[in-house]
Amino acid sequence: MVALTERQQLAYIASQAADARVNVELETEGMTLNIGPQHPATHGTLRIIVRLDGEQVIAAEPVPGYMHRGYEKLVEVRTYPQITTLINRIDWLGSFANEVPFILAAERLMDIEAPPRAQWIRTAFFELSRIANVVLFLGDMAVQLGATTPVFYAFRDREHVLNQIEAATGGRFHPNFDRIGGLKDDLPKGWIAETKQVMGKIRAFCDEMEELLVGNEIFEVRTRGIGVVPPEVALSYGMSGANLRASGVDFDHRRDSPCGLVYDQLDWKVWTHPDGDSFARYWVRLQETREACDIVDQCLEKLPSGPIMAKVPRIIKVPEGEAYVATENPLGEMAYYIVSKGDLNPFRVKIRSASFNNISIVPWLLRGVYVPDVITILASLYFILGDIDR
Amino acid sequence: MSPTMSLAVDLAYWQQTTLRSIGVLLAVLLPAGTIVYLFLFKMMSFMQSRLGPMEAGPYGSMQLLAEVGKWLQKEDLFPDGADRRVFALAPIVVVMSTFLIYVVIPFGPDAWFTQIPTGIFLALALSSISVIGILMAGWASANKYSLMGGLRAAGQLIAYELPLVLAVVGVVIQAGTLDMQGIVVAQRGGEIFGWGAIGNPYIFTQFIGFVMFVVAMQAELTQPPFDMPVAESELVAGYLTEYSGFRFLLFFIGEFATAGAFAAIAATLFLGGWSLPFIDLDSNWMNVIGPLVLFAKMLLIVFLVMWVRFTYPRFREDQLQILAWKYLIPISLANIMVTSILKVAL
């Protein structure tokens with residue numbers, strides 16, 4: 001694997017810009033193409049207005065907001081236990097992970113800490129929802145590039161994970177399992193052994209994807225060097241998660257600020273890739289899925305016994321104050337900023353979701369690329385529409 | 001081998017014409033239906049760990065009839081701003097070119113629709129008519145995605161027409177004739193460097209030509225990894241976006257019947273066509289099993305094409321052109337050169 005030097009990356013960007021400029025000078029008549037709101041590549045209702053010259057993009061502008069559901073406003077009129085039901089639906093593929101930073105922020109305000117067993121199970125579920133989310137990406141990226149088969153494997157193997165989540169929580173997509181001070185229930189009998197088997201299946205799936213796609217010449221020419229994000233650009237646009245790590249920035253909230261979760265007691269590794277192109281983003285997510293399987297296995301092996309709920313008052317009133325908690329969610333950094341005035345419901349909640357920041361780089365990234373690469377880049381940035389629009 | 005159809009009864013001209021029309025219709029629709037059911041429904045499902053259609057008929061074998069019934073019932077829709085006449089004509093042009101290819105394929109010593117001395121030339125010429133139909137569809141739909149799909153298709157089909165023809169040239173040099181029937185006879189009677197037990201199916205001596213032909217055929221059929229004109233994830237469905245109902249059905253038949261036609265041509269050129277080793281060419285019952293043999297060989301080649309189709313991601317448009325002009329065409333030209341030198345030398 002040859003790392004792109006900074007100079008090569010800048011040369012690549014400059015050549016793309018030069019191409020776009022030449023086309024403007026030739027004054028061929030352009031075309032405005034509306035990708036979305038209803039388009040198979042936008043997994044939802046993201047609209048991207050692209051100005052085209054032939055097949056080349058001159059300018060691109062994402063228009064989010066077609067699925068805005070107003071969660072930040074809605075949570076202001078709900079009590080704290082009710083809120084987890086709503087925020088489950090932000091990133092609907094890794095829904096349990098949405099609850100965790102909110103619950104952690106509320107716990108910090110109330111000065112409660114969940115018992116160790118609850119923390120370990122939380123960490124396991126956090127990683128399970130990461131697997132459920134990213135496995136679908138691993139197949140979906142292929143379908144955006146035109147290979148129809150991998151996505152069926154992804155749906156098949158994600159089903160095992162969803163079954164485990166359902167067995168423990170009762171909800172396949174929206175577990176609503178996390179509580180202030182702990183968890184709703186303990187794990188059912190036999191669940192740990194089953195989940196370990198499922199982790200084996202997910203590892204097999206990762207190997208399958210590696211054989212099917214990563215070594216494939218067409219996949220490589222379609223993704224290598226496409227949509228290169230240099231690290232400083234990625235940081236300046238506020239990208240996070242695997243997109244940032246694929247640009248070579250070694251930053252992971254799980255390792256760097258493991259508040260309330262037990263990542264510091266586990267043996268695992270943060271994967272980065274120096275290239276910053278679409279291939280790197282795919283590769284990093286592939287490795288992270290494998291790492292997540294290891295983390296789940298470790299959590300289940302070292303799971304301490306004890307209660308799963310701390311002592312919490314029956315009616316939850318959060319004392320006055322402000323708290324900001326960020327965690328490393330499947331899509332990137334997700335954070336809640338809660339302002340409480342001591343009521344049953346929060347006064348104001350700001351939700352920082354990863355996809356919104358991740359797609360803010362789209363106008364910069366799409367300039368000068370070809371239409372098929374627009375789809376590759378959008379797929380490799382991996383956004384969930386609920387996570388953009390909230 | 002008789003130059004005209006030797007039938008026991010003398011038929012009037014119109015009777016012969018009717019029979020042949022029904023024959024062509026069967027020759028087009030049966031392979032197309034088989035390919036769709038066997039490969040698109042069942043093999044694809046098998047590869048993707050699902051069952052595919054199971055309800056209509058045993059193992060879903062009547063599914064295609066149900067789909068056709070559904071398409072025929074749908075409204076005949078013209079998009080606003082479409083060029084109505086061109087829009088309506090486009091699928092017919094595509095299907096017409098498919099039907100005409102089948103006309104020159106021999107199915108047995110006496111079972112053919114027309115015998116033309118330049119059969120393979122005509123088949124390749126006719127196959128490129130479908131480009132016009134696709135371009136018409138893309139232009140007339142009054143849709144930007146369709147227009148891009150149509151233009152991509154035009155660029156792609158023209159680029160891959162060349163390797164397709166050049167791959168055939170090697171076979172033609174070796175057989176010494178453009179006549180499809182003649183190519184079959186030459187393969188059956190030929191010998192591989194002096195060993196003639198199974199004749200000489202040109203896949204052995206023209207293997208590079210065979211690979212070129214199948215790759216170019218894949219591109220001509222606009223199937224993955226060369227399906228940029230219809231790329232669902234980029235252009236929604238390219239030139240097919242605005243078509244529905246009966247007109248979409250025509251495109252659909254056109255796509256899979258063309259797959260069958262190209263596969264039949266490949267089987268004729270490289271696998272010995274309707275002939276079987278160890279069986280006398282002129283025996284009368286080759287007229288009966290000949291079509292079945294050709295059909296089996298055709299399915300073998302369609303299997304190869306479909307296998308790639310369900311597995312590979314697609315190229316980008318410029319990468320596709322690079323593959324055609326920088327790799328396929330030079331290799332084909334080298335193949336022609338080597339073939340002609342060997343032909344003269346041996």
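Author: The model shown is predicted. In general, strands of a sheet pair through backbone hydrogen bonds, either parallel or antiparallel. In this case, three strands of chain A form an open sheet in the order β6-β7-β8, and their pairing is antiparallel.

Reader: Which strands stand at the edges?

Author: The edge positions belong to β6 (321–329) and β8 (348–352) of chain A; each has a single partner strand, so one side of each is left without a neighbour in the sheet. From one strand to the next, the twist averages 10 degrees.

Reader: Over how many bridges do β6(A) and β7 of chain A pair?

Author: Strand β7 (residues 332–340) of chain A and β6(A) are joined in the antiparallel sense over nine bridges. One bridge pairs A:Glu328 with A:Glu333 in β7(A). Helix α4 (residues 95–110) of chain A packs on the sheet and touches β6 and β7 of chain A. The direction of α4(A) makes about 150 degrees with that of β6(A).

Reader: How is the packing of α4(A) with helix α5 of chain A described?

Author: Two packed helices are described by the angle between their axes and the distance between the axes. Here, the axes of α4(A) and α5(A) (residues 116–144) come within 7 Å and cross at roughly 145 degrees. The crossing of α4(A) and α5(A) is left-handed.

Reader: Which residues make the contact?

Author: On α4(A), they include A:Phe96, A:Val100, A:Ile103 and A:Leu104; on α5(A), they are A:Arg122, A:Phe125, A:Phe126 and A:Ser129. By class, the contact of α4(A) with α5(A) has seven nonpolar, two polar and two charged residues.

Methods
Residues numbered from 1 in each chain as written. Chains lettered and ligands numbered in written order. Predicted model: local features only at pLDDT ≥ 70, side-chain atom pairs only at ≥ 80, totals over all residues. Heavy atoms only, no water. Pairing = 2+ DSSP bridges. Helix = DSSP H or I, 4+ residues; strand = E, 2+ residues; numbered from the N terminus. Axes fitted to C-alpha atoms, helices over the stretch in contact; angles between N-to-C directions. Contact = heavy atoms within 4.5 Å. Left-handed = near helix turned anticlockwise from the far one by under 90°. Nonpolar A, V, L, I, M, F, W, Y, C, P; charged D, E, K, R; others polar.
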